[in-house]
Amino acid sequence: MSQAPNLGESPIAPASVLPSYLQADNLGPWGNYLQQVDRVIPYLGNLARWAETLKRPKRILIVDVPIHMDDGTVAHFEGYRVQHNVSRGPGKGGVRFHQDVTLSEVMALSAWMSVKNAAVNVPYGGAKGGIRVDPKKLSHGELERMTRRYTSEIGIIIGPNKDIPAPDVNTNEQIMAWMMDTYSMNTGSTATGVVTGKPVDLGGSLGRREATGRGVFTVGVEAARHIGLDISTARLAVQGFGNVGGIAGKLFAEAGARVIAVQDHGGTIYREAGLDVPALLAHVARTGSVAGFAGAEVIANDQFWDVDCDILIPAALEQQITAANAGRIKARMIIEGANGPTTPAADDILASRNVLVVPDVIANAGGVTVSYFEWVQDFSSFFWDEEEINARLVKIMKTAFAGIWQVAQENKVSLRTATFIVACQRILHTRELRGLYP
Ligand code: NAD
């Protein structure tokens with residue numbers, strides 16, 4: 001296990017006014033984010049003078065997470081928490097446990113959270129955390145000890161009014177419960193509002209588990225209407241069949257769409273007539289992967305990008321749609337359930353081929369929207385029913401998407417740039433109102 005902070009492929013970038021670890025060249029997801037910011041600066045008017053703020057995370061914390069393993073040895077894991085921007089409110093963003101987590105990735109994910117939270121206008125800044133670990137290799141006890149030690153280490157910068165973590169890849173309600181308990185033990189009082197995505201019995205919100213997928217579905221339906229795509233006959237390909245991809249796939253199938261291809265870490269399956277989505281979800285819950293699902297053809301992972309479909313939903317990891325495969329995609333529309341799945345070069349290829357990309361920063365904002373509801377419910381200790389939560393979620397998502405669609409039309413820009421315009425104007429406006437301290 002490497003102990004040095006991992007900055008991506010090439011940690012040393014040429015000298016410039018930015019610190020080396022913030023420069024675009026070869027910095028993976030962070031480099032992609034910087035290119036996205038550069039594309040929006042011409043549309044920011046006077047606020048552009050604050051744009052540098054967007055290129056510098058406010059605070060980066062790298063922590064060593066040592067734990068006792070079951071075999072008696074001590075293992076050290078590399079943990080991060082990055083607060084990109086807190087101008088609009090406390091930091092907010094998930095925690096990822098994955099063997100490929102890097103500082104570049106966590107920085108980019110934290111920045112996309114700033115943009116996303118502003119895009120749907122919830123009163124948060126952006127943050128993200130992660131541990132470089134394959135949690136599938138840990139026992140239940142090791143996972144709990146690692147989660148608790150990580151929470152203690154980042155405890156100096158998180159809190160209900162400072163920065164509120166949530167689930168992301170390979171983290172779930174149980175991990176949020178351990179984080180909440182650890183923070184509460186360290187501060188001496190029960191602090192339900194320190195994390196969201198908790199179990200409902202511990203102050204979690206109804207509808208949170210399904211919220212991101214529901215948001216993907218909601219904006220997908222809106223976008224489809226604009227381009228005259230009929231959901232009830234659409235063919236879908238989904239990459240990643242976890243919390244986001246699984247729920248989104250289920251909702252599209254319930255609306256009549258055929259889910260014809262699904263890929264996850266275990267492989268890729270295909271069925272022209274449409275996969276039985278509830279049965280596939282049950283299979284994944286039982287076995288951990290779509291691999292081995294009866295009644296589907298197995299295709300090579302790379303063939304996934306050639307599947308003849310109408311809608312493609314990347315819902316796994318970042319940098320999946322690149323210049324190398326963007327030209328092969330047949331879909332008319334891509335709805336980004338994952339964060340950062342499309343590189344800027346791929347974005348350009350897709351635009352030239354008239355493929356509509358509904359970007360992550362609006363498409364997957366349903367999760368943080370219901371996290372916001374959870375946080376509000378925790379503060380007031382008054383809990384809403386699921387119907388009310390879903391109705392408020394759909395209203396926020398539709399309103400935000402309609403505004404973004406209009407900005408895209410007015411400025412003749414992509415939905416990604418339009419979302420960045422709306423969000424960055426909000427972030428930088430609060431930056432200007434608050435002024436610089438001291
Ligand atoms: P998850 O752990 O529930 O599911 C991840 C899925 O990705 C699994 O099906 C896994 O098999 C698959 N996967 C992993 N590596 C893969 C690979 N190399 N190739 C193909 N598939 C692979 O995670 P999730 O919560 O569904 O998150 C998925 C994406 O959505 C991430 O980008 C995350 O940041 C983003 N997201 C999640 C939420 C949320 O509320 N959970 C909110 C917004 C965005």
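This is a predicted model: local features need pLDDT of at least 70, side-chain atom pairs count only at pLDDT 80 or more; totals for chains, interfaces and linings use all residues.
Reader: What makes a residue count as touching Ser 110, and which residues do so?

Author: Contact requires heavy atoms within 4.5 Å. Leaving aside residues up to four places away in sequence, Ser 110 touches Val 82, His 84, Gly 126, Ala 127 and Lys 128.

Reader: Why is Asn 121 called partly exposed?

Author: Its relative accessible area is 45%. Buried means under 20% and exposed over 50%, with partly exposed in between; Asn 121, at 45%, therefore counts as partly exposed. Asn 121 is placed in the loop between H2 and strand E4 (126-132).

Reader: What is to be noted about the phi of Asn 121?

Author: Phi of Asn 121 is near 60°, a positive value in a residue other than glycine. Most residues other than glycine have a negative phi.

Reader: How do you know that Asn 170 is partly exposed, and where is Asn 170 found?

Author: Asn 170 has a relative accessible area of 30%, which lies between the limits of 20% and 50% and therefore makes Asn 170 partly exposed. Asn 170 is found in the loop between E5 and H4. Phi of Asn 170 is also positive, near 65°.

Reader: How do you know that the span of helix H4 agrees with its number of residues?

Author: Helix H4 has 15 residues, 173-187. The expected span is 1.5 Å times one less than the number of residues, so H4 should span 21 Å; its end C-alpha atoms are 21 Å apart, which agrees.

Reader: Which residues of H4 are buried, and what covers them?

Author: Among the buried residues of H4 are Ile 175, Trp 178, Met 179 and Tyr 183. The cover of the buried residues includes strand E3 (91-98), helix H3 (140-154) and strand E5 (163-167).

Reader: What kind of peptide bond joins Tyr 437 and Pro 438?

Author: The bond between Tyr 437 and Pro 438 is cis, with omega about -5°. Pro 438 has its place in the segment after H12.

Terms used
Residues are numbered from 1 along each chain as its sequence is written. Side-chain values use heavy atoms; hydrogens and water are left out. Helices (H or I, at least four residues) and strands (E, at least two) are DSSP runs, numbered from the N terminus. Buried means under 20% relative accessible area, exposed over 50%, partly exposed in between (1.4 Å probe, protein chains only).
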